[in-house]
Amino acid sequence: QVQLVESGGGLVQAGGSLRLSCAASGLTFSRYTMGWFRQAPGKEREFVATVTWSGASTSYSDSVRDRFTISRDNAKNTVYLQMNSLKPEDTAVYYCRAGLPGAKSGYWGQGTQVTVSS
């Protein structure tokens, strides 16, 4: 079965950096668009970033553009989210998602907690 396992979350001070990883198994990774989403307490899950199957195209939410970088390694079936200049408002559970281009449904990981202290 498909599994997406996030790692790399933790507690960091404002201005610091973290690198999240999401290791995928049970699917043909290179066919999937990969994305990161986040959900803060009391808020809806929101889009953070996405990368196409080849890694050639990426997109970001306005709130993280120029601070976060999404990348992937198809040989390792892994997608990354490099997060720099972290702010307290980045505090959330971060989820990895895999979806085929054009499909509405997809697969989700279990999430990893990121906490940014002021």
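**Figure 1. The side chains of D62 and R65 meet in a salt bridge.** The gap from N to O is 2.5 Å. A salt bridge here is a side-chain nitrogen of Lys or Arg within 4 Å of a carboxyl oxygen of Asp or Glu. D62 is exposed, at 66% relative accessible area. R65 counts as partly exposed, at 38%. Buried means under 20% relative accessible area, exposed over 50%, and partly exposed in between (1.4 Å probe, protein chains only). This is a predicted model: local features need pLDDT of at least 70, side-chain atom pairs count only at pLDDT 80 or more, and totals for chains, interfaces and linings use all residues. Residues are numbered from 1 along each chain as its sequence is written, and side-chain values use heavy atoms, with hydrogens and water left out.

**Figure 2. Salt bridges link R38, E46, R67 and D90 in a network.** The whole structure holds four salt bridges. R38 pairs with E46, and their closest N and O atoms are 2.6 Å apart. R38 also meets D90, at 2.9 Å from N to O. This second pair links distant parts of the chain: R38 sits in strand β4, and D90 lies in the loop between β8 and β9, 52 residues apart. Strands (E, at least two residues) are DSSP runs, numbered from the N terminus. R38 is buried, with a relative accessible area of 6%. D90 is buried too, at 1%. E46 is partly exposed, at 35%.

**Figure 3. A disulfide joins C22 to C96.** A search of the whole structure finds one disulfide, meaning a pair of cysteine sulfur atoms within 2.5 Å. Here the S to S distance is 2.1 Å. The link is left-handed, with -80° about the S-S bond. C22 lies in strand β3 and C96 in strand β9, so the bond ties together parts that are 74 residues apart in sequence. C22 is buried, at 0% relative accessible area. C96 is also buried, at 0%.

**Figure 4. Y94 belongs to the largest nonpolar core.** A nonpolar core is a set of buried Ala, Val, Leu, Ile, Met, Phe, Trp, Tyr and Cys residues joined through side-chain atoms within 4.5 Å. Beyond its neighbours within four places in sequence, Y94 is in contact (heavy atoms within 4.5 Å) with residues including L20, W36, F37, V48 and L81.

Methods. Helices (H or I, at least four residues) and strands (E, at least two) are DSSP runs, numbered from the N terminus.
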